[in-house]
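Colleague: I have a few minutes for this one. Can you put it up, and we'll go through it?
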Amino acid sequence: MGKVILGLAAPHNPNITSRPEKMSHEVQSKLDSAFGYLKGRLSEASPDCLLVLTSDHVTNFFYNNAPMFCLGVSDTCTGPAPKELSELRIPRATLKVDTAMAKGLLHFGIESGIDFSYSQEMILDHAFMVPLSLLTPHMDLPIVPLHINGMLPPRPTAARCYRLGQQIGEYIRNHYNGNVAVLASGSFTGDIGGPKMGSIDTALDLEFLDLVKDAKGQEMVNKATTETLERAGVANEILIWITLQGVLGDLRPSFTDYICGKDWSTAAALAAWQPNVR
Amino acid sequence: MSLYQVDKLLFKLFNDLELQEKYRQDFSDVLKRYDLQDSEIKALREVNAGELYRMGVHSFLLWQFGRMMDLKPATYFNQIRGE
């Protein structure tokens, strides 16, 4: 039976790859170090598959069709999106999808109450590609992309996302044959294009990071009310972190970091969980 | 208000580089394809982020539209914050 052998969480602020020269030396150094640590753990764990949780950034989905949860189930997925190529400085890459897991999780979900949407044409926008380019730069690790709607309200509830994570864990442990790493891509707060953009809500970021450090999944759920998500901004990814905590249960992270660059629109929160190193 | 049509236009512009180019060359021709109110057309033509924001346009898409139209970030924020 399968195992979750690693959890990772990392930001996808496009400035990380598109404008590194704009960062201070200190921020650049901290980010390099934190991403380097996560990359090292991923390489060391050598999973069969990397499940990537994030929210599509209005690339695949819009108000004409806005799924809450969508699995990429095609044999391969490509990114970044053409619109982002000139800025991101990430070469366009086609990644193999672990379709046994993607389709297995889809069917398991449907049978156990997660009405997943699925796509044969999911484009990997920067929310996927920024952390992937830094954690697996050869892009040779099979992935399963899972979109969790964070940008097109109404969003799924935090309780639903936590339960989703628990069900993903159940699927991996009981129905998948292989070792899985799970990556949550996103920051806690971010109001991209909204009136709060440019003033990072450090207090809210750190409240959630403290709950992450203590593996307080249920408290994260309780805190992530509609009002809190509104405060966290249009591009907050609190639900992505909560889903990952659902996968990991009461496991505390072995590593966390919080890096805040001047003039950034979101701060960078990073974490790693190592289930086999309790 | 045909707000959905404004969001739809901005979504299409955000994701279609050829449409972006057409819009820059002749936005009137592109705007005709959408069922827009006069007030929406005016705000789009003027790149009036404040007006569009107060209409309820999705802020992430609005930010991308502002970038596409070379609206300076300081101007964008002054407009949407009503400063």
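Modeller: Before anything else, this is a predicted model. I'd begin with chain B: of the contacts in chain B with a separation of 6 or more, 65% are between residues 24 or more positions apart.

Colleague: How many helices and strands does chain B have?
Modeller: Chain B has seven helices and zero strands. Read from the N terminus, the elements of chain B go α-α-α-α-α-α-α.

Colleague: And what box do the C-alpha atoms of chain B fill?
Modeller: Roughly 30 × 25 × 20 Å along the principal axes. The radius of gyration of chain B is 12 Å, which agrees with a compact globule, because one of 83 residues would come out near 12 Å. Buried residues are 34% of the 83 in chain B.

Colleague: Switching to chain A. What is the strand order in the open sheet of eight strands?
Modeller: The order is β6-β3-β7-β2-β8-β1-β10-β9 in chain A, and the pairing is mixed. β6 (117-119) and β9 (255-259) of chain A are at the edges with a single partner strand each, so each has one side without a neighbour in the sheet. From one strand to the next, the twist averages 20°.

Colleague: Is strand β1 of chain A enclosed or open?
Modeller: Largely enclosed by the rest of the structure, because seven of the eight residues of β1 (residues 3-10) of chain A are buried. β1(A) pairs with strand β8 (residues 179-185) of chain A in the parallel sense, over seven bridges, and A:Val4 stands opposite A:Val180 in β8(A). β1(A) also runs antiparallel to β10(A), with three bridges joining them; there A:Ala9 has A:Ala271 as its bridge partner.

Colleague: Which way does β3 run against β7 in chain A?
Modeller: Antiparallel, with three bridges between β3 (residues 69-72) and β7 (residues 143-148) of chain A. A:Cys70 has A:His147 in β7(A) as its bridge partner.

Colleague: What lies across β9 and β10 of chain A?
Modeller: Helix α7 (residues 202-213) of chain A, which runs at about 175° to β9(A).

Colleague: Last topic, the cores. Which residues have the most contacts inside the largest nonpolar core?
Modeller: A:Leu53, A:Val144, A:Trp241 and A:Ile242, in a core of 88 residues. Helix α10 (residues 238-248) of chain A gives the most to this core, eight residues.

Colleague: What does A:Ile242 touch, beyond four places in sequence?
Modeller: A:Ile242 touches A:Ala158, A:Cys161, A:Tyr162, A:Met220, A:Val221 and A:Ala224. Another core, of 30 residues, lies apart from the largest one; among its residues are A:Val58, B:Leu9, B:Trp63 and B:Tyr76.

Technical notes: Residues numbered from 1 in each chain as written. Chains lettered and ligands numbered in written order. Predicted model: local features only at pLDDT ≥ 70, side-chain atom pairs only at ≥ 80, totals over all residues. Helix = DSSP H or I, 4+ residues; strand = E, 2+ residues; numbered from the N terminus. Rg over C-alpha atoms; globule rule 2.2 N^0.38 Å. Buried ≥ 20, exposed ≤ 12 C-beta atoms within 10 Å, placed from the backbone. Contact = placed C-beta atoms within 7 Å. Core = buried A, V, L, I, M, F, W, Y, C linked by C-beta atoms within 7 Å. Pairing = 2+ DSSP bridges. Axes fitted to C-alpha atoms, helices over the stretch in contact; angles between N-to-C directions.
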